[in-house]
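This briefing goes through the structure shown below, topic by topic. Please keep the sequence and the 3D view at hand.

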Amino acid sequence: MTSSFLATPAPVQAAQGPLQTNAWLMIALPLLGAVVLLLAGRRANGWGHLLGCATVIGSFVYGLALFASVGSGPAHELALYSWIPVNALQVDFGLRIDPLSLVFMLLITGVGSLIHIYSIGYMAHDQQGRSGARNTERRRFFAYLNLFVAAMLILVMGNSFVMLYLGWEGVGLASYLLIGFWQQRPSAAGAATKAFVMNRIGDVGLALAIFLLFAQLGTTQYSEVFARAGELSPGVLLAIALLLLLGACGKSGQVPLQAWLPDAMEGPTPVSALIHAATMVTAGVYLIARANPLYTLSPGGQLAVAVVGAVTLLVGCLIGCAYDDIKKVLAYSTVSQIGYMMLAVGLGPAGYALGIMHLLTHGFFKAGLFLGAGSVMHGMNDEVDMRKFGGLRRYMPITFATFGLGYLALIGFPFLSGYYSKDAIIAAAFGQSGWQGWVFGGVAVLGAALTAFYMTRLMLMTFFGERRWESLRTAGGEKFHPHESPAVMTAPMIVLAIGSVAAGLFFTSGDRLVGFLTPALGELQEGHGALPHLVIQLLTVGFAALGVLAAWMFVGRKRVAVERPQRVSLPVRVARADLYGNAFNRAMVVRPTSWLTRGLVHVDRQGVDGAVNGVAALLGGGSRGLRRWQSGFVRSYALSMLTGGVLLVAAMLTVGAP
Amino acid sequence: MLDPYIPLVLMFALALGFAVFSVAIAPLVGPRRYNKAKFDAYECGIEPSPQPTVGGGRMPVAYYLTAMLFILFDIEMVFLYPYAVSADSLGMFGVAAVVLFIATFGFADLYVWYRGGFEWN
Amino acid sequence: MGVTTQTGAVILAQQSIAPPPIHYSAIAPVLIVLGAACLAVLVEAFVPRRLRWSVQVGLSLCTLVAAGAWLVVYARGEPMGLTTLADTLAIDTPTLFLWGTLLVLGLASILLIADRSVEPGGAFVAESSAAPSPSPRAASGGSTGGTATSIAPAPTPAPARATASVAEMRTEVFPLGLFSLGGMMVFCAANDLLTMFIALEALSLPLYVMCGLARRRRLLSQEAAVKYFLLGAFASAFFLYGLALLYGYAGSVELSAIADATAGSLRSDTLLFAGLGLLVVGLLFKGSVGPFHMWTPDVYHGAPTAVTGFMAACTKVAAFGAILRVLHVAFEASSWEWHWVLWTVAVVSMVIGAVLGLTQSDIKRMVAYSSIAHAGFLLIGAITLTDEGLSATLFYLLAYGVTTIAVFGVISLVRTSEGEATHLSAWSGLAKRSPLIAWVFTFLLLALAGIPLTSGFMGKFVVFSAALTAGMAPLVVIALVASAVAAFFYLRVIVLMHFNEPAPDGPTVSVPGAFTTAAITLGVVVTLLLGVLPTPVLDWASVGGFVS
C-alpha cells in the first residue's frame, strides 16, 4: 500500500476555470485589508474592524466556492508569475490547490472569520489601550490579524517549499506583532522577543532543509520534489526530515522549543485562540503532512517525529496540571494536543490523515475554549488566576455551556469530536509494530488521562465551587462583577461549540475526511495492533474517566485556596517550573556560551559587568569586548589594518607558495 | 627562485644595519654639548613662527594652498614633458589629448582664480 | 633573470604611435558624468552665488538622467562586451549593470544632498574646507572664520558655530560628488590595475572632502574626513604595492595578462600571492570589509548623513565591482590556493559586523556595522567565481545600495534642535509621533535583515544559493547565523520605535522636502519591487560575464 502511491505520484493539473485561476484573491483580500488598515491611519478608526472582518469572510466564502468546485481530486497548480528565476533555481510564485490545502484554507478563513467577529467585541473594551486611543489600537489589531490570515494562506496554498517559507516568516512576523500587541507591558514585549528568537532557531532548520533539497534536486516545488524523492540517498533524506522537524518544532511549540508558546499568551485572547491554538502553531503538523512522501521514505525521520510528538504530549499535560493561569493551562494543553498530531503524522501513512483530522477538531474546540477563557476574563476584569474564580456558571451561562462542550470534546467524551479524532490516533499508535506500538500507545492513553485531569480541574476551579472572587478586589480595588459577554462575542463561541460537538462525527462518518484527503496524503493504512479496537476505545474512555475522577477528588471536593500553596510535593514543583524547560534552555545554550564569553573577556583582562543572561546578552558581551578596539585613534586603526594586511598576506603565502 | 632579489635583500640589510649602527653609536661616542641651535629644525623646513604656545605652531593656511597649487602645476609639467618629446610620433591625436588635458586643468585654475585662491593677503 | 627582461622592454620604438581605437558610444556615460563635473567646477567659478544651488542641482540631475538614458539606449542594443582605450576599460554586461546601479544610487544620493528643507540652508557648509587644502586649524577645533565667499583665509579668531548656522549651503559638494561617481564608474570598468588605481584615487579624494562638509557637528565631521583620508591613503599604498609585485610577477598590469601568467607558469608564486594579498587589502578597505573596516563606523558617524548614504551605497558598489572583476578575470586560475583566505575574511567581516552592531547606541554607527556584515555577505558572492555568484552579487549590490540610501534619508529626518538625533534613545516611540516614517524605516530595516518580500531577502537568497552550488556550505551556515544575529539589532530599533513610550523631550520628525521624499520613495519602492518582482533585474544581471 505504501509504495503504491509513491510509485505513481498524484498527477498535477493546471488550474482551470476562473474560480481556480483567481484563487490568489483569497490571499489578496486579507492582505489588502492589512495594507489599507495600516496606511489609512486614523481615518479608518470608525470602520477598520468591519473591513477587517469583511475581507476574511470574503476569503472564506471564496474558499467555500473553491471547495465546492474542486472537491477531492488531484492537485491543481496555479503559477502566478516567475518569482525567483536565477539560472538553475526557478521558483514560481505559484499556488497548489489540493485536498490538504483546501482543508487548511477553510480552517484558517473559517475560524479566522469567527475570531475576527469576536474581536470586535473583545477589543472594544480593551482596557489596556490608552484612553482615547482605543479605536486606533483596535484598527491596528485588525490590520495585524488580516496580515496573519494572508500569510497563513500563503503558507498553506504555496506550491513550493520557498512559498511555504515566505508564509512561514510572514506568520512569524504577525505572531510577533500580536504577542507584543500590548507593548506597554514589559512581559508582553519579552514574550514577543522570546517567541521570535525561538522561532528563528526552528527557521534555520527549515531554511537549511530547503537549501539541501535544492542542492540535491535542483527544485523546491512540491510536485517535482515528491516525484523525485526516491533519488535522494537515505542519509540526505534523514537530514532533510530532521531539519524540517526542527522547523516544525519551532513553529509548533514542540519539545525542546516549547517554551515560547505559553509565554505567547501575553497577547490578546483572540490572538491566542486563532494563532496560538487553531492555526499557526499547527503549521508544523502541516509541514510534516505536506512533506509526507519524504517522511514515508525515511523511517528514521518518522520515528523522530513520533518521539518528539509523544514526549511533547506528555510534557504538555504534566505542566498543564500545575498552572493556575487559565490561559497558560490552555496553552500547555495546546502544546500537548499538537504533540498528539505530531505523533500521528510521525506514524507514517497510518497517521497523516488522522493528524490532520485531530488538527481540525482541535481547531474548533481549542479556539472555542480560548474564546471562552477570553469571555471569562472579559467578565472578570482581565483576571487570569483560576484561584480567584469559582462558581461562575450562574453568571455566564452561555460561556459555561460552550466552554463545557469544548471541554468535553477535548477530553474525548464519547461521540463529541475529540473522541473520534484522538481515539483514532491512539488506535493508530497501538497499531505500530513492536515496542513502538506499546510505547506510543501507552503514552497517548496516559496523555488522555492527564488531559482529563487538568481540564476537569480547570472547569471545577472556574465554573463550580465557592465564589472566591466575592471576597477579593480587582487590581484597581473594585469588586468583581462577573457578567456575560455581548452577543458579538458569544455568537462565535456558539458556532465553535457546535463544531466541537459535531465535527468529529461529521468527519468520520463514512470516512469522509480521510477519503477526501487520500489524493494528497495517500491511502490510510490500518494498523494491526496487539489490541482490538474496541479494547483501545474502552481503555481510552476509562483512563479519561479516571482523570476526571482524580480531578474531582483533588480539587472538586476540597476548598480551593485563593493563594497558591507554596509547600507542595516535588512533582508539582517540577511541573510548575515548566519541567525545568527554561532551566534546560539556560543550561544547554545560554550557560556554556556565557562561560565562553567570560573566558574571552578574561583574556581581555576586563571584567564583564553582571551575569550574562540570554543569547543576546552573550553576543552583547562579546560585542562590548570587541568594541574596545574601536578606539577612535587613527594610529590604532592603521595598526589593525596593518596587522590584518600582514596576516592576510602571510596566509596567502602559506597557502599559495609554501 | 628569488635569485635576482638576493642582492637587493643584502643591500637592504646593509642599509638597515648602517642606520641602526649610526644611531646607536652616536650617543656612545659623541661629545655632549647642548645649545639652542641644537634644538632647531634641521636645515630645511620652515621655522615655526611664532613659537608654539600650546600644541603645534601655527602656519598660514595660504602656505598649504600655495604649496598645493605648486604641486599641481608641477604635475602638469611632468605630463607635458613626455608629450613634447614624442609629439611628432603622436600626431593629431596627441595634440587633441593634450589640449583636452590642459583645458580640464584650466577649469580648476579658473575656479581657484575666481574664488580668490591666488591672492595672498 | 626577470629584471633584465623587464628593463629591456622599457625602451620604446620611436616610430609613429597609432592612437588606440575608442568606442565613444560605450564610454559615453562616464564621459557625460566627468564632463558635467568639469562644467560644475566652472559653474562654481562663474555663476553668481544665489543661483548656484539651483544650477548645480539641475546640472547634476540632468547629467545623471542623461547618462542613464544613454546607458539604457546602449544596453538595449545588446552590445557585445568590448574593451576600449587600449584595453584599459572593459565595457561588458557586469560593467553596464554596475554603471546603471551607480547612476540610480547616485541620483538618489544627489537628491538627498540637494535637500534644503530639512536643514535650513542645506546640510553642507565649508568654512575652510572650500579651499583645496583643508585647514589644520579647523580640524583642531578652531575656525578660520573666513567668509564663505573667500577661500583666502583670514586668520582672525571668529565664533565658528554661530556663522555655521547661517552660512549658505556650499555647492562644491555637487562637482565633488560627480567626480567621485565618475571615478567609481571607471573603477568598476577598469581592465588593468593601473587604471584601477587612478580610478580609486579619483573616487576617494572627493569623498574625503565631502566627509568634512557637515554643517552640524563640524569637529566630528572634519575628524572623520581626516581619518578617512589617512587610512585611505594607507590602503592605497597597500594597493599600489600589491600592484607593483603583480607587475613583477606577470610583467604587465593588465588583468588578462596576469590571468595568463597564473594559468600555468613557473614564475614565483611568492610574488603572485604577496601581490594579490596586498591588492586585495586595498580593495577590501574600500568595500569596508572586516578586518579593514575600522574607519567605517567613525566616518559614517561623522560625515553628513547624505554623504554617508552616498559613500555607503556607491562606494560599496564600486569596490565590489572591482573585487568581482579582479577575482574573476585575473585570479580565477589560482583560486584553489587563495579561496580559503578570503573565506576567512568573509567570516571575520560577518562576525565583526553582526556582533559589534549589537551594542551600538548610535543609529549611524549601527548601520555602519550592518554595512560591514553585508560586506561579508557580498564577499561570499564574489568568491564563488561562478556566473551565478556574479549575477547574485550584482543583484545584492543594487538591493543593498538602494535600501541603504533610503535608510540614511530617513535618518536625516529625525532631528532635535541640535541637528540629527542619531542616538538610539531618541528613536524610542517614534511610531507614536510619526507612524508613517516609523513604518517606512521598519520596512527598510526588515529589508536589511533579509525578511521575505523585501529585496534584502532576495539578495541574500540568490547569493547564498549561488554559494551553496559552488560548494561553500559551511560559509553559508555561518552567514545564516550571522544574519540571524544581525536581525537582532534591526529588531531592537523596530521594537524601540513601536513598543516604547516616546521620550518627553524627543526629537521632532521634519517634514521632508520634495527631494528627500523622492529619494526615500525611490528607495522604498525599489526595495519592495526587488523583493516581489526580482525577475527582470536578475535577468539583466545574468546576461553575461566579464570580458578582458
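Predicted model: local features only at pLDDT ≥ 70, side-chain atom pairs only at ≥ 80, totals over all residues.

The predictor's confidence in each residue is expressed as pLDDT, on a scale from 0 to 100.

**Confidence in chain A**
- The average pLDDT of chain A is 81, and 85% of its residues score at least 70.
- Residues 1–9 of chain A stay under 50 in pLDDT, and the model gives this stretch 11 contacts beyond four places in sequence.
- A pLDDT below 50 is also found over residues 603–613 of chain A, a stretch with 12 contacts beyond near neighbours in sequence.

**Overall make-up of chain A**
- Chain A contains 27 helices and 3 strands.
- Of its 658 residues, 57% are buried.
- Counting contacts in chain A between residues at least 6 apart in sequence, 80% link residues at least 24 apart.

**Helix α3 of chain A**
- Helix α3 of chain A covers residues 24–40, which is 17 residues.
- From first to last C-alpha α3(A) reaches 23 Å, close to the 24 Å expected at 1.5 Å a residue.
- Buried residues in α3(A) are Met26(A), Ile27(A), Leu29(A), Pro30(A), Leu31(A), Gly33(A), Ala34(A) and Leu37(A).
- An α-helix has 3.6 residues a turn, so residues three or four places apart point the same way.

**Leu294 of chain A**
- Leu294(A) sits in helix α14 of chain A, residues 292–297.
- With 22 other C-beta atoms within 10 Å, Leu294(A) counts as buried, because the cut-off is 20 or more.
- Leu232(A) is 62 residues from Leu294(A) along the chain, and their C-alpha atoms are 9.3 Å apart.

**Contact between chains A and C**
- On the chain A side 43 residues take part, in contact with 54 residues of chain C.
- At least two residues each come from β2 (75–86), α7 (161–179), α8 (186–217), α26 (615–627) and α27 (634–656) of chain A.
- The largest share of this side of chain A is that of α27(A), with 14 residues.
- By type, the chain A residues that touch chain C are 26 nonpolar, 13 polar and 4 charged.

**Elements of chain C**
- Helix α15 of chain C (residues 363–382) has 20 residues, which should span 28 Å at 1.5 Å a residue; the distance between its end C-alpha atoms, 28 Å, agrees.
- Since 20 of the 20 residues of α15(C) are buried, this helix is largely enclosed by the rest of the structure.
- An open sheet of 3 strands in chain C has the order β4-β3-β5, with antiparallel pairing.
- At its edges are β4 (419–420) and β5 (508–509) of chain C, each pairing on one side only.
- Strand β3 of chain C (residues 414–416) is joined to β4(C) by 2 bridges, and Thr416(C) stands opposite Gly419(C) in β4(C).

**Annotated spans of chain B**
- An unreviewed UniProt entry places the feature "transmembrane region" at residues 6–29, 61–84 and 90–114 of chain B.
- Residues 61–84 of chain B are 100% helix, with end C-alpha atoms 35 Å apart.
- Residues 90–114 of chain B are also 100% helix, and their end C-alpha atoms lie 34 Å apart.

How values were computed. Residues numbered from 1 in each chain as written. Chains lettered and ligands numbered in written order. Contact = placed C-beta atoms within 7 Å. Helix = DSSP H or I, 4+ residues; strand = E, 2+ residues; numbered from the N terminus. Nonpolar A, V, L, I, M, F, W, Y, C, P; charged D, E, K, R; others polar. UniProt positions renumbered as here; feature names shortened; annotations may be inferred. Buried ≥ 20, exposed ≤ 12 C-beta atoms within 10 Å, placed from the backbone. Expected span 1.5 Å × (residues − 1). Pairing = 2+ DSSP bridges.
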